[in-house]
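Biologist: Before we discuss any labels, please show me the sequence and the structure.

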Amino acid sequence: AENGELPSTVPGEKKRLVELAELAAERRSSFDPSPSTQLNRSQVPVAAASGSLSMLRPRALQNVLKEVVTSGVRGSMVLNEDGSLLSHCGTSESSSRIVAAISSNIFTAYQRSGQTIVEGMDANVFIIINEEGGIVVKRVATKLICVYAASAVPIGMLRAKVEALSERLREPLNTLA
């Protein structure tokens, strides 16, 4: 990450990280993001129509979560507000359960505290930074999306990944609400 460059060890990863960062910048300035910077939508749909109800496809959900787990990013997950995992990718299930429990606990405590919202700040996004790395948690409908990484990964990159995931998963997660 010297000279402002993004760290990359996998071919094409640097391009993907730049695309995600551009997507986050675009979303802040416009409501019409370019389709070329969105997550790969050519994969199997995350939700399947079943009559009037939609069902979340676990394997497709895990594939979408896998897209953001790149160099330095330890894992991504979707969880209930009580901390129970719906799906995760990256680290072991036991490690993911620990991160989920801590993240949801801090997030819900923050939400319940009646915090003063700073103008322009999204109250549905919470960032945790410590010496081990960073965690970005965002509420989408009644679920939480969490991406966590080593300290070498810039928090802005984690935020961009969470924003991309939340846009991709917004509709399917709204059907679960």
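**Exposure and salt bridges**

Biologist: Why is Ile-98 called exposed?

Modeller: Ile-98 has a relative accessibility of 53%, and exposed means over 50% relative accessible area, buried under 20% and partly exposed in between, with a 1.4 Å probe and protein chains only, so Ile-98 counts as exposed. This is a predicted model, in which local features need pLDDT of at least 70 and side-chain atom pairs count only at pLDDT 80 or more, while totals for chains, interfaces and linings use all residues. Residues are numbered from 1 along each chain as its sequence is written, and side-chain values use heavy atoms, with hydrogens and water left out.

Biologist: What makes Glu-81 and Arg-139 a salt bridge?

Modeller: Their closest N and O atoms are 2.7 Å apart, and a salt bridge is a side-chain nitrogen of Lys or Arg within 4 Å of a carboxyl oxygen of Asp or Glu, so the pair qualifies as a salt bridge. Glu-81 itself is partly exposed, because its relative accessible area is 30%.

Biologist: Why is Arg-97 called partly exposed, and what does its side chain meet in a salt bridge?

Modeller: Arg-97 counts as partly exposed because its relative accessibility is 45%, and its side chain meets that of Glu-93 at 2.4 Å, N to O. Glu-93, at 41% relative accessibility, likewise counts as partly exposed.

Biologist: How do you know that Arg-170 and Glu-167 are separated by about one helical turn?

Modeller: They are 3 residues apart in helix 4 (residues 155-176), and therefore about one helical turn separates them; helices are DSSP runs (H or I, at least four residues), and strands likewise (E, at least two), numbered from the N terminus.
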